[in-house]
Amino acid sequence: MRILLLGLLWALLSPCALAGDDEKAAGPVLEYLEMTPKFTVNLNERKKYLLVNVQLLVEDQANIDKIKKHMPALRHELIMLFSGHSADDLKTTEQREELRKQALDRIRMVLDKYANSDGFRDVFFTEFLVH
């Protein structure tokens, strides 16, 4: 009887059993969604352009699917945002961070207009070139 109880106790406290609880406690699954192709837009000055790779941090597959559905509207909004700047507006880290925050707000605005922004967590620039 003791052996049976010890075996049961071991099974409940084994790393495999505890891993299942950790996964449940860890919360929602976050994934990065790359907006492809990269953005290449003309800036507000002659012969200057911006190339930027944008990644969205999204929670759960249902929200990824929702964002993919509205990708044309999201891309349009970001193209309009990015092309409204000059090269001087994008020189410093602080200016680029401000542009990232503006992109975050615009993405939320578009998602809320057509669906909702639930599940959309953040936006990151993984490549950024002003030329």
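These legends go with several close-up views of one predicted model. Local features need pLDDT of at least 70 and side-chain atom pairs count only at pLDDT 80 or more, while totals for chains, interfaces and linings use all residues. Residues are numbered from 1 along each chain as its sequence is written, and side-chain values use heavy atoms, with hydrogens and water left out.

Strands (E, at least two residues) and helices (H or I, at least four) are DSSP runs, numbered from the N terminus, and two strands pair if DSSP finds at least two bridges between them. Axes are lines fitted to C-alpha atoms, for helices over the stretch in contact, and angles run from 0 to 180 degrees between N-to-C directions.

Glu31 stands opposite Val58 in S2, and Glu34 has Gln55 in S2 as its bridge partner. The hairpin has 6 residues between the strands. Lys47 is found in that loop between S1 and S2, and its phi is near 60°, a positive value in a residue other than glycine. Lys47 counts as exposed, at 72% relative accessibility. For accessibility, buried means under 20% relative accessible area, exposed over 50%, and partly exposed in between (1.4 Å probe, protein chains only).

Have a look at the bond joining Thr36 and Pro37: the peptide is cis, with omega about -5°. Pro37 lies in strand S1 and counts as exposed at 53% relative accessibility. From Pro37 to Val54 is 17 residues in sequence, and 9.2 Å in space, C-alpha to C-alpha.

Glu59 has its place in strand S2 and is buried, with a relative accessible area of 15%. What does Glu59 touch, leaving aside its neighbours within four places in sequence? Glu59 is in contact with Pro28, Val29, Leu30, Gly119 and Arg121, where contact means heavy atoms within 4.5 Å. Asp60 lies in the loop between S2 and H3 and has a positive phi near 70°, again in a residue other than glycine. Asp60 counts as partly exposed, at 31% relative accessibility.

In H3 (residues 61-69), the buried residues are Asn63, Ile64, Lys66 and Ile67. They share the same side of H3 because they cover an arc of only 160° around the axis, taken from the directions from the helix axis to the C-beta atoms. An α-helix has 3.6 residues a turn, so residues three or four places apart point the same way. Turned away from the buried side is a face with the exposed residues Ala62 and Lys69. The cover over the buried residues includes strands S1 (30-42), S2 (49-59) and S3 (120-130), along with helices H4 (71-83) and H5 (93-114).

**View F. Where H3 meets H4.**
These two helices pack at an angle of about 65°, with their axes 5 Å apart. On the H3 side, Ile67, Lys68 and Lys69 meet Met71, Pro72 and Leu74 of H4. Sorted by class, the contact has 4 nonpolar, no polar and 2 charged residues. Ala, Val, Leu, Ile, Met, Phe, Trp, Tyr, Cys and Pro count as nonpolar, Asp, Glu, Lys and Arg as charged, and the others, Gly among them, as polar.

A search of the whole structure turns up 4 aromatic pairs. One of them, Phe39 with Phe82, is edge-to-face, at 5.5 Å centre to centre and 90° between the planes. Rings of Phe, Tyr and Trp (its six-membered ring) pair if their centres lie within 6.5 Å; planes under 30 degrees apart count as stacked, over 60 as edge-to-face and the rest as tilted. Phe39 is in strand S1 and Phe82 in helix H4, so this pair ties together parts 43 residues apart in sequence. Ring pairs link Phe39, Phe82, Phe125 and Phe128 into a cluster.
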